[in-house]
Structure formats: structure tokens, C-alpha cells
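User: I have a structure open and would like to learn how to read its features one by one. Could you walk me through it, starting with a hairpin?

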Amino acid sequence: MRSIGNAVLMVVCGAALFLVALPGFSVAAEPGGMPAKSGGHDMDMGEKIFSGKVGPWTAEARLVDMKAQMEKSGVSAKNSAKFAGQRHLMLFLTDPATKKPVTATAGNVVVTGPDKASSSKVALVVMGVHIGADVSMPTPGKYTFKADVESGAKKGSATFSYALK
Ligand SMILES: [Cu+2]
């Protein structure tokens with residue numbers, strides 16, 4: 001299961017990095033971090049669930065449906081089904097002065113699910129131009145994310161939520 005998880009991470013984040021590398025799909029060039037372009041790119045990059053300030057940075061959070069992502073990348077339905085309820089959380093930080101992605105980042109996110117009783121803390125790992133984590137979102141309802149990040153001597157945090165249908 002662990003090796004599959006890692007492979008998926010590569011697919012999801014690999015796809016994201018590939019898109020970022022495409023001409024006209026520049027993270028750095030767009031104010032606010034992520035591209036405002038419509039079309040398939042945004043879908044492949046998941047859903048935007050937050051944009052705003054995190055400490056000194058401009059940030060955007062996106063959530064990727066792992067199962068849908070797997071199906072799109074041609075993984076069999078049987079294998080895709082293993083990722084039901086899994087989401088990949090991506091946090092993009094941009095330095096507002098230079099408009100460049102902040103990549104030397106560490107952090108974690110506390111995810112609280114609809115039942116409110118349980119929450120889990122996961123590490124945000126550097127993945128190219130974003131930091132991210134796989135999060136388990138098995139039941140519909142409201143999920144709250146409290147992210148704490150730091151880069152160099154700077155720190156920031158943000159809380160945002162997502163209603164899973
Ligand atoms: Cu990632």
C-alpha cells in the first residue's frame with residue numbers, strides 16, 4: 001500500500017509540475033500565485049479551496065480528488081477505487097515582493113472532519129512549487145484545515161474549510 005501511495009503522489013504532483021512547466025501556465029507570472037486560466041488545467045490542478053495571505057506570503061490551496069485524478073491518468077477503475085475518499089492537498093506560497101514561489105518551506109496541517117471529534121495532523125512536504133499532503137476525507141461534510149508553515153525565519157498560518165459533497 002505504501003509503494004502505491006508514493007507512486008500516486010508522483011502521478012498527482014508530476015502532473016501538476018508538468019502543467020506548471022507549460023508555456024502560458026506560469027505560476028510566478030500571475031498575481032496571487034496560481035493561474036487564472038480556465039479549462040482543463042484548473043480541473044487537473046484540483047479545486048481551489050483557499051486564496052489569501054499566509055504570514056508574509058500570498059497563498060493558494062487546492063484540493064485534488066485522487067480517485068478522479070487516477071482515472072484521468074489512465075489507472076484502472078479497480079486501482080482508482082482504492083483512492084476513494086483520498087484527497088491531495090496542495091499549498092502554493094508566493095513571495096509578494098518577487099512573485100516567485102516560496103519553495104523552502106516546512107509545515108503541517110490539522111484536518112478536522114465533519115464529526116468534529118477527530119482531527120489529524122499531517123506534514124506538508126515540499127513537492128516542487130507546492131507543499132502538499134495526502135488527506136483522508138471519507139465522508140461528506142465540512143472539513144477544516146489549519147495550516148502552519150515556515151520558511152527561513154518567517155512563519156504563517158491559515159485556516160480554511162471545504163464542504164465535501
Ligand atoms: Cu503534492
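Analyst: Happy to. Strands here are DSSP runs of E at least two residues long, helices are H or I runs of at least four residues, and both are numbered from the N terminus. In this predicted model, β4 and β5 form a hairpin with six residues between them. Lys116, in the turn, has a positive phi of about 65 degrees.

User: In which sense do β4 and β5 pair, and over how many bridges?

Analyst: Two strands pair if DSSP finds at least two bridges between them. β4 and β5 are antiparallel and share six bridges. To trace the pairing on screen, find Val109, whose bridge partner in β5 is Val122. Gly107 stands opposite Leu124 in β5.

User: What does β5 form with β6?

Analyst: Another hairpin: two residues lie between β5 and β6, and Gly128 in the turn has a positive phi of about 65 degrees. These strands run antiparallel and are joined by three bridges. Val126 is opposite Ile131 in β6.

User: Is Met127 buried or exposed?

Analyst: The idea is to count neighbours: a residue is buried if 20 or more other C-beta atoms lie within 10 Å of its own, exposed if 12 or fewer, and partly exposed in between, with C-beta atoms placed from the backbone. Met127, found in strand β5, counts as buried because it has 20 C-beta neighbours inside 10 Å. Its C-alpha atom is 9.9 Å from that of Thr105, which is 22 residues away along the chain. For a contrasting label, take Glu71 in helix α3: with 16 other C-beta atoms within 10 Å, Glu71 is partly exposed.

User: Which residues touch the most other members of the largest nonpolar core?

Analyst: In soluble globular proteins, nonpolar side chains tend to be buried together. A nonpolar core here is a set of buried Ala, Val, Leu, Ile, Met, Phe, Trp, Tyr and Cys residues joined through C-beta atoms within 7 Å. The largest one has 27 residues, and Ala59, Leu89, Leu91, Leu93 and Ala147 touch the most other members. Elements giving two or more residues to this core include β2 (57-65), α3 (66-72) and β7 (141-151).

User: And which residues does Ala147 touch?

Analyst: Contact means that the C-beta atoms of two residues, placed from the backbone, lie within 7 Å. Setting aside residues up to four places away in sequence, Ala147 touches Val54, Leu91, Gly107, Val109, Leu124, Ser157 and Ala158.

User: What is the average pLDDT of the protein?

Analyst: pLDDT is the predictor's confidence in each residue, from 0 to 100. The protein averages 80, and 73% of the residues score at least 70. Over residues 15-43 the pLDDT is below 50. Where pLDDT is low, the predicted coordinates should not be read in detail. Local features need pLDDT of at least 70, side-chain atom pairs count only at pLDDT 80 or more, and totals for chains, interfaces and linings use all residues. Residue numbers start from 1 along each chain as its sequence is written.
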